[in-house]
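Open the model in your viewer and keep the selection panel at hand. The stops below are given in the order in which to select them.

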Amino acid sequence: MDLSRLFEWTIFLGIILFAIYTMIAIREEKEAYVENAVEFEMKNFIFFIPSWWTRTSADEDENYASFKRADTHYDWKAELQWFDEDSELEKLSIEEILINKLKDLKLMFDPEESHAGVPAVFEEFLPYKEGRIDIIHIEGTATEDMSERVYFDAYLIKDLINNSYLLAKSRSSILNGAVEGPYFEEVMRTFEFLHQ
């Protein structure tokens, strides 16, 4: 066997071993999320945040929170923003409000790679069924500021009791979208509504 063949096989085996290690690490990270989730309250909601997320916004700000992973250099950030309904928002549907927020962020979603609507998981969510919240979700690849390609995930939740909104968004590079995106979605799927 010549040296070039040996080198090729070494690289191939290295890739296989790295893939196996990555699958094990991801499985263990999912288990760690469930076991070590940290409660985070914002207004009428309790979120179960992965323990490896680090809050990057000021603790005193009760209307805004941002999170990053301090243990990696992933191009990823999650944000939660609370805002009250005003006379302008009162005239708009939840879909129109989300569209306006996305325009403010200078995001243009790829129509064929994006999905919008009420997530199926919320159709059986008691506060949604009882009409205490309304929700819309959009996710997919987009162009930000007419130049940068991103993977974006956003939920707009209207608290119908208090006429307020929570905008939750996750922004990452295209390559990092699959890393923290599933945890962001899990945070949004498992939140609890404080006022029963």
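Start inside: the structure holds one cavity of 30 Å³ or more. A cavity here is a set of points on a 1 Å grid over the protein atoms alone where a 1.4 Å probe fits but cannot get out. The space in the largest cavity is about 30 Å³, a volume being the space filled by probe spheres set on the points, which are joined across faces, edges and corners.

This is a predicted model, in which local features need pLDDT of at least 70 and side-chain atom pairs count only at pLDDT 80 or more, while totals for chains, interfaces and linings use all residues. Residues are numbered from 1 along each chain as its sequence is written, and side-chain values use heavy atoms, with hydrogens and water left out.

Next, select the lining (residues with an atom within 4 Å of a point): Ile-49, Trp-53, Phe-67, Ala-78, Glu-79, Leu-80, Phe-184, Val-187 and Met-188. At least two lining residues come from each of strand E5 (76-84) and helix H5 (177-189); helices (H or I, at least four residues) and strands (E, at least two) are DSSP runs, numbered from the N terminus.

Move to helix H1 (residues 3-36) and pick Ile-16. Ile-16 counts as partly exposed because its relative accessibility is 36%, between the limits for buried (under 20% relative accessible area) and exposed (over 50%), with a 1.4 Å probe and protein chains only.

Last, go to strand E8 (residues 148-159) and select Lys-158. Is Lys-158 buried or exposed? Lys-158 is buried, at a relative accessible area of 15%.

Conventions
On a 1 Å grid over the protein atoms alone, a cavity is a set of points where a 1.4 Å probe fits but cannot get out, and a pocket is an open set with protein on both sides within 12 Å along at least five of seven lines; lining residues have an atom within 4 Å of a point.
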